[in-house]
Amino acid sequence: MQSFQLYERASTVPEKSYTRGDWQKGYESLKQEYDYWIDDIEGQIPSELQGTLFRNGPGLLDINGQYIHHPFDGDGMISRITFNNGRAHFRNRFVRTAAYLEEQKAGKILYRGVFGTQKPGGWQKNAFDFNIKNIANTNVIYWGGKLLALWEAADPHCLDPQTLETLGKEHFNGVLSEGEAFAAHPRLDPSCGENDGEPILVNFSIKPGLSTTITIFELDSTGKVVRKHAHSVPGFAFIHDFAITPNYCIFFQNPVAFNPIPFALGLRGAGECVKFQPNQPTRIVVIPRTPPTKGGWGVQILETHSGFVFHHANAFEVEDEIVIDSICYESLPEVESGSNFRQVDFDALKPGHLWRFNLNLKDKTVLSKSIVNHCCEFPTIHPNNVGRPYRYLYMGVAHTDIGNAPLQAFMKVDLESGERQIWSAAPRGFASEPVFVPRTPSKGGEDDGWVLALVYNSEHHRSEVVILDASDFTKEPIARLHLKHHIPYGLHGNFTSQVFLPNN
């Protein structure tokens with residue numbers, strides 16, 4: 001069966017652009033919480049850049065010297081970089097979940113993690129303990145006047161955007177029940193027809209089992225849930241991200257199976273019990289955002305070749321087709337029991353590549369093609385083009401153009417001309433998710449703005465906020481803001497035009 005991998009690993013491996021020792025240092029815990037103006041700056045912060053970049057990720061990779069098994073099990077830490085009148089302010093704070101407070105007080109691991117972290121004492125201490133802690137570590141978004149820290153397996157935590165104090169769990173006036181999932185990859189529809197062209201936040205939740213329930217939420221600009229509908233699809237689903245168009249939500253149901261027995265017996269984490277099924281197709285679930293005028297919801301399930309997708313770049317409609325661009329892997333990089341994520345062999349893993357899928361809803365067919373055969377992840381676009389046709393795409397990529405490696409660079413892709421531009425932080429810099437921030441008011445086209453990202457500088461063991469000119473990656477950064485410390489490799493974040501500064 002055809003897969004998402006276009007080529008096998010090259011017979012000649014290029015000279016490495018990194019050392020494993022440099023990369024590993026980015027996975028040290030940051031236990032201190034900071035609050036300061038950033039004064040060590042190369043270049044100049046654009047005066048038009050006004051607003052706040054929020055980032056989330058695992059800030060603790062150990063608890064009092066007891067290492068967690070996988071970074072996805074680390075407690076969430078919010079970083080806030082505020083831009084105001086050519087200056088920038090930094091603040092970070094851990095999300096005070098109930099489990100975080102308990103473990104900090106006890107000075108040891110008290111909870112099992114989804115990706116293999118176990119309580120001390122072996123399987124006897126972990127067997128039949130299904131109380132997985134909400135670590136609030138995957139994304140953070142400011143919406144409806146609230147700052148929400150998201151972890152896809154449970155309810156969000158609400159934070160004070162000014163102080164980053166944890167205010168408690170957010171249930172949207174009772175729409176969510178205690179512990180109910182609210183995914184970590186919401187999509188912002190910039191102009192929703194059902195809400196008179198106003199922006200809408202679209203999100204989902206997954207309740208897996210022999211069949212899987214996908215629930216879709218739509219929140220207006222006040223944070224009120226204005227639409228909620230649930231749909232059952234056959235089979236187990238492990239879905240991290242989705243894409244939207246004005247009329248549809250699109251999910252890739254990756255071909256995986258879940259065996260709960262090792263988890264129940266305390267032998268493995270739940271994530272270690274998910275196994276890729278290479279002989280099964282990937283299912284693409286297309287759910288209307290509003291019910292059709294006649295009949296039911298009209299959920300459609302199409303099939304394409306076997307593979308695994310964590311992240312989608314964008315989707316849009318063209319007549320009877322939906323076009324969706326996604327980062328695709330040949331298989332799921334499985335988490336092995338007893339492994340050490342700091343010792344990962346990048347050369348042994350196949351990289352993610354960017355693919356385009358054309359879904360014909362009338363004929364129920366899928367056509368696919370590879371767009372970028374370069375190790376890549378974390379795609380971002382202009383927010384006004386979410387769910388619409390678009391030209392420019394930005395991603396984190398490896399420094400070299402073949403093989404697999406840590407992300408050390410950023411790529412701009414022109415989807416019309418095929419032109420690509422790369423800015424690299426190699427050999428001692430390591431990249432994270434880029435975020436596109438449009439210039440307001442715009443002076444140009446779709447790429448008029450900036451790309452913001454955190455880069456870990458292993459030489460000085462600190463992180464930098466890099467501001468790139470989104471129209472031209474061949475130039476040096478507009479500014480590099482040197483922090484006083486490192487930030488462990490994070491996951492996702494978002495920019496808001498709201499300015500949050502210290503009260504003093």
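1. Strand 6 and strand 7 pair in the antiparallel sense over eight bridges. Two strands count as paired if DSSP finds at least two bridges between them. Strands (E, at least two residues) and helices (H or I, at least four) are DSSP runs, numbered from the N terminus. Asn84 stands opposite Arg87 in strand 7. Two residues lie between the strands of this hairpin, and Asn85 takes a positive phi near 55 degrees there.

2. A word on the basis. This is a predicted model, where local features need pLDDT of at least 70, side-chain atom pairs count only at pLDDT 80 or more, and totals for chains, interfaces and linings use all residues. Residues are numbered from 1 along each chain as its sequence is written, and side-chain values use heavy atoms, with hydrogens and water left out.

3. Is strand 6 (residues 76–84) mostly covered or mostly open? Mostly covered: nine of its nine residues are buried. Buried means under 20% relative accessible area, exposed means over 50%, and partly exposed is in between (1.4 Å probe, protein chains only). In a regular strand the side chains alternate between the two faces of the sheet. Here both faces are covered. One side holds Gly76, Ile78, Arg80, Thr82 and Asn84, the other Met77, Ser79, Ile81 and Phe83.

4. Strand 6 has another antiparallel partner to inspect. Eight bridges join strand 6 to strand 3 (residues 51–58). Asn56 stands opposite Ile78 in strand 6.

5. Asn56 and Ile78 turn up again around Ala149. This residue lies in strand 9 (residues 146–150). Ala149 counts as buried, because its relative accessibility is 0%. Ala149 touches Asn56, Ile78, Val95, Ala136, Asn139, Val140, Pro156, His157 and Leu159, leaving aside residues up to four places away in sequence. Contact here means heavy atoms within 4.5 Å. The C-alpha atoms of Ala149 and Asn384 are separated by 23 Å, and the two residues are 235 apart along the chain.

6. Now the salt bridges. The rule asks for a side-chain nitrogen of Lys or Arg within 4 Å of a carboxyl oxygen of Asp or Glu. How many salt bridges does this rule give? The count comes to 31.

7. Arg96 forms one of them with Glu33, with the closest N and O atoms 2.5 Å apart. The pair links distant parts of the chain, 63 residues apart. Arg96 sits in the loop between strand 7 (87–94) and helix 2 (98–106). Glu33 sits in the loop between helix 1 (20–24) and strand 1 (35–37). Arg96 is partly exposed, at 27% relative accessible area. Glu33 is partly exposed as well, at 31%.

8. Asp35 forms a salt bridge with Arg91, the closest N and O atoms being 3.4 Å apart. Asp35 lies in strand 1 and Arg91 in strand 7, so the pair ties together parts that are 56 residues apart in sequence. Asp35 is partly exposed at 41% relative accessibility, whereas Arg91 is buried at 18%.

9. Glu218 and Arg227 also form a salt bridge, with their closest N and O atoms 3.0 Å apart. Both residues are buried. Salt bridges with shared partners join Glu218 and Arg227 with Asp189, Arg289 and Arg388 into one network.

10. Which residues does the UniProt annotation "binding site" cover? The unreviewed entry names His185, His240, His311 and His492. UniProt positions follow the numbering used here, feature names are shortened, and annotations may be inferred rather than shown by experiment. Why do these residues gather at one spot? They span 308 residues in sequence, yet no two of their C-alpha atoms are more than 12.1 Å apart, so they come together at one spot. His185, His311 and His492 from this set belong to the lining of the second largest pocket.

11. A pocket is an open set of points on a 1 Å grid over the protein atoms alone, with protein on both sides within 12 Å along at least five of seven lines. Lining residues have an atom within 4 Å of a point.

12. His185 deserves a separate look. His185 lies in the loop between strand 11 (166–169) and strand 12 (187–192). At 9% relative accessibility, His185 counts as buried. Beyond residues up to four places away in sequence, His185 touches Asn139, Asn203, His240, Asp241, Phe242, His311 and His492.

13. Last, an open sheet of four strands has the order 26-27-28-29, with antiparallel pairing. Strand 26 (376–380) and strand 29 (420–424) each have a single partner strand, so one side of each is left without a neighbour in the sheet. Three bridges join strand 26 to strand 27 (residues 392–397). Cys376 stands opposite Val397 in strand 27.

Note on methods
1 Å grid on protein atoms, 1.4 Å probe; cavity = no way out; pocket = protein on both sides within 12 Å on 5 of 7 lines; lining within 4 Å.
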